[in-house]
Amino acid sequence: MAEDFYALLGVAKSASADELKKAYRKKAMEFHPDRNPGNKEAEEKFKKVSRAYEILGDEAKRKLYDQHGEAAFDQNMGAGRGPAGGGFRGADPRDIFEQMFGGGGGGFGDMFGGGGGQSQDDAGEDLRVDLKITLEDAASGVSRNVAYRKHKACDKCSGSGAEPGSKKSRCPTCAGQGHVVRSNGFFQMRQVCPSCGGQGERIEKPCRGCSGEGRVVAEHSIDLRVPPGVDTGTKLRSSGNGSAGRRGGQAGDLYVYITVADHELFERDGDDLACSVPVKFSIAALGGKIVVPKLKGKTNLNIPAGTQGGTIFRLRGEGMPPLRGSTPGDLLVRVDIDVPKKMTDKEKEALKAYAAACGDEAAPVSESWRSKFKKFFP
């Protein structure tokens, strides 16, 4: 059963030409074979969406499709012959994609670049390094030396790819342009020159140190400043510290992904910090002061008389500094009533006296709980 071209592109039948183009661009980028190497299913989907746009993107072909469906382009039908149809089945779907976006036919990356001198494929790769730091480091910022492996320019040929003393000559295939033009049916495509790889020149003797690539793998390190306020998942970019490009191509970037280690006392929620602090029953009942830890130092906290377990006090501005902005987070202190597991005889007697003095009188929290309990169990 023939598939609905509009459904393949994810648009309505009334979609405008601009909407069709945007929809095709999204689908083609998703399923392009260069982004999905070895994925036959993605390659097949790429062919289908390219065929759908080849038909719907042409006003005359779209009218035929709306009237007769895909059968209008069957080569066994008259309507399928000539400019209105039949041209797609012999064409490469990549040609449609690259013709639409103005790139060459040599590869997915080339559609964004093109032209002589350097192709997009000569650019160095972006690299990733993972860095784990403490919560204290995340709060104050820290400098770290980050070591990793990357491609660097070959010292022997200074990144040119040519053996010292070797000559370079203009590529005869592309006449030094770095690309060639080929025709396929109604389309004229530009692609990276297959002889020089987009360089526009040929090397007489490739460098033996790097096999003509202009770069070698080596250990490298940088001093990285981690700013205050970073969190797990924060990504720091160091421009130009990725892999060197081939034969002098532009270097990639280094991306450092931050992981903040768990802390023994504090939990983090965005820029806020939270901790639980044990409070003696006597202080919770009568009121008093307790010492509360902070990431840097400590502070006193007033506990009002009658404070219940689970009560949370907010200390403004005592949390994490913001990565962006000027207002720091808060420190949330949760009160846990510290019930002793062992008591002296004197303490037990005092507690019994307290219990006797209280009698059956319920505290406010107990009274509230009893009223709720009676609704379910009268």
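This is a predicted model: local features need pLDDT of at least 70, side-chain atom pairs count only at pLDDT 80 or more; totals for chains, interfaces and linings use all residues.
**Hairpin first.** I started at the hairpin of β10 and β11, where 2 residues sit between the strands and glycine 270 takes a positive phi near 65°.

I then looked up how the two strands pair. Strand β10 (residues 267-269) runs antiparallel to β11, with 3 bridges. For arginine 268, I found the bridge partner in β11 to be leucine 273.

**Other partner of β11.** I checked strand β15 (residues 331-338) next. Here β11 pairs in the parallel sense, over 8 bridges. Serine 276 stands opposite arginine 334 in β15.

**Faces of β11.** Which side chains of strand β11 (residues 272-280) are buried? I went along the strand and found Leu273, Cys275, Val277 and Val279 buried, pointing to one face.

**Aromatic pairs.** How many aromatic pairs does the structure hold? I got 4. I looked closely at the rings of phenylalanine 5 and tyrosine 65: their centres are 4.6 Å apart and their planes at 10°, so this pair is stacked. Phenylalanine 5 belongs to helix α1 (residues 5-9) and tyrosine 65 to helix α4 (residues 59-68), so the pair ties together parts 60 residues apart in sequence. Phenylalanine 5 and tyrosine 65 are both buried.

Tyrosine 24 and tyrosine 53 gave me another stacked pair, at 4.7 Å centre to centre with 5° between the planes. This pair also links distant parts of the chain: tyrosine 24 is in helix α2 (residues 17-31) and tyrosine 53 in helix α3 (residues 40-56), 29 residues apart. I checked burial here too, and both tyrosine 24 and tyrosine 53 are buried.

**Two helices crossing.** I looked up α3 against α4. Their axes come within 6 Å and cross at roughly 105°. The two helices are therefore roughly perpendicular to each other. On the α3 side, the contact is made by Glu54, Ile55 and Leu56; on the α4 side, by Lys61, Arg62 and Tyr65.

**A charge over a ring.** What sits over the ring of tyrosine 257? I found the charged end of arginine 128 there, 3.7 Å from the ring centre.

Conventions:
Residues are numbered from 1 along each chain as its sequence is written. Side-chain values use heavy atoms; hydrogens and water are left out. Rings of Phe, Tyr and Trp (its six-membered ring) pair if their centres lie within 6.5 Å; planes under 30 degrees apart count as stacked, over 60 as edge-to-face and the rest as tilted. Helices (H or I, at least four residues) and strands (E, at least two) are DSSP runs, numbered from the N terminus. Buried means under 20% relative accessible area, exposed over 50%, partly exposed in between (1.4 Å probe, protein chains only). A charge sits over a ring if NZ of Lys or CZ of Arg is within 6 Å of the ring centre and within 35 degrees of the ring normal. Two strands pair if DSSP finds at least two bridges between them. Axes are lines fitted to C-alpha atoms, for helices over the stretch in contact, and angles run from 0 to 180 degrees between N-to-C directions. Angles under 35 degrees count as roughly parallel, over 145 as roughly antiparallel, 65 to 115 as roughly perpendicular and the rest as oblique. Contact means heavy atoms within 4.5 Å.
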